[in-house]
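I opened the model today to look up a few local features. My notes follow, in the order I checked things.

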Amino acid sequence: MPADQYSVLGKAPGPEELKKLSSDDVHLTIEKLDAGYGKMVILHDFNLFVGKAQSLCLIGPNGAGKSTILHSIYGFTNITDGAVKMRENDITHLSPNEKLKNAGIAYILQDTSIFPAMTVEENMIMGGFLMDKQNQAREAAEKVLEKYPRLGERRKQKAGVLSGGERRLLEISRALIMEPEILLVDEPSIGLEPRFIEMVFEILRDLQQDEGKTIIMVEQNAKKGLEFADIGYVLVSGQLAMADSGKCASGRSRGGPLVPRRLAILLQRLLSPFVPLFPCHPYPGYAATVSPIPIQWQFPPAPPLPDDSGAQASWRLTIGNGVTSCVVIIAFILFYFKELY
Ligand SMILES: Nc1ncnc2c1ncn2[C@@H]1O[C@H](COP(=O)(O)OP(=O)(O)OP(=O)(O)O)[C@@H](O)[C@H]1O
Ligand SMILES: [Mg+2]
């Protein structure tokens, strides 16, 4: 990309800044990667860090090179410089088969990849084509089909009759046959209607949070992808333009480790105008000023106000300890009830 175009976007975050977005337990690293197809270089000096059981979402315009990043991790591109590492192991030049079988990386393609003339069950067994014995693949397929009864019920049907959402579910399930630690997911929501998009993200969330899988995804639906992911990267013309935690990049807060995410969202929505509960609070200054909750009860403690004395403090204590707080909170519960459920 021409340097002037890049500079319009400001300075891209370097490796040190990117490391801070990852957890300490870094699972997959891309270092200074130049990669492309044949002699055409698509990715330039690209870095990525993602921790174990974290999710990272890549967004960017068409042709920016998002899929090429997943291709490079999986071994489909020509890597001319840099490295891909899993923990401390350099896996840059492993073949896709080795990545799947030995390194525990599975790739779910952007384009549909089911075999329509085969049954759901046969498609699942194909996910274990690298296993040493066919029985192993059958057993693994059985386990996954039990986990997803929606597919299990249709195991004998041809995959070609499945709806778009069910096909996506089949593709994700098939990728689980080899019990990968890292899932590369290219455009999970592409072409799906909203209820299936929810279903797919729910499944991915379960795989990340309950099964500890690390997820690197590309998503056109930037809002959805960034709300889902712990880390968001924006790619422009093969180079990283921006990176942030998913919660900040999407402009919404998510729960930290202190409270479950759903509860955190509920609490934050109910109390957001009053309590600076979360680091990405939309109005931190405002909240600290008008909170009816006494400042010493707030968590994390609100920063001291410049003029936190006299009438202002006593006003806050009076209202904060009184019936007003309850009335306001109940009013907010009622007001937001419809939106939350
Ligand atoms: N197999 C390939 N051989 C040659 N060039 C390719 C190949 N795959 C992709 N490209 C080129 O690499 C560039 C980046 O493509 P890529 O598919 O990574 O973009 P993307 O960001 O995923 O776009 P989209 O949002 O449309 O999926 C494009 O110019 C594309 O034409
Ligand atoms: Mg793509």
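I count two strands as paired if DSSP finds at least two bridges between them. Strands (E, at least two residues) and helices (H or I, at least four) are DSSP runs, numbered from the N terminus. This is a predicted model, so I hold to its limits: local features need pLDDT of at least 70, side-chain atom pairs count only at pLDDT 80 or more, and totals for chains, interfaces and linings use all residues. Residues are numbered from 1 along each chain as its sequence is written, while chains are lettered from A and ligands numbered from 1 in the order in which they are written.

Entry 1, strand β7. I looked up its partners. Five bridges join β7 to β8 (residues 214–218), and the two run parallel. I182 stands opposite T214 in β8. On β6 (residues 105–108) I found four bridges to β7, again parallel. There A106 stands opposite L183. I then traced the β-α-β unit of β7, helix α9 (residues 194–209) and β8, which is right-handed (strands pointing away from the viewer, the path from the first strand over the helix to the second runs clockwise).

Next I checked cover. I call a residue buried if 20 or more other C-beta atoms lie within 10 Å of its own, exposed if 12 or fewer, and partly exposed in between, with C-beta atoms placed from the backbone. Five of the five residues of β7 (182–186) are buried. I182, L184 and D186 point one way, L183 and V185 the other.

Entry 2, the antiparallel sheet. Its order is β2-β1-β4-β5, and it is open. β2 (40–51) and β5 (89–90) stand at the edges with a single partner strand each, so one side of each lacks a neighbour in the sheet. Eight bridges join β1 (residues 26–37) to β2. G36 stands opposite V41 in β2.

Which residues of α3 are buried? I listed K66, S67, T68, I69, L70, H71, S72, I73 and Y74. That is nine of nine, so α3 is largely enclosed by the rest of the structure. After α3 comes G75, with a positive phi near 105°.

I took residues as near if the C-beta atom, placed from the backbone, lies within 6 Å. The residues around ligand 1 include Y37, I42, N62, K66 and Q110. The largest share of the shell, three residues, comes from α3 (residues 66–74).
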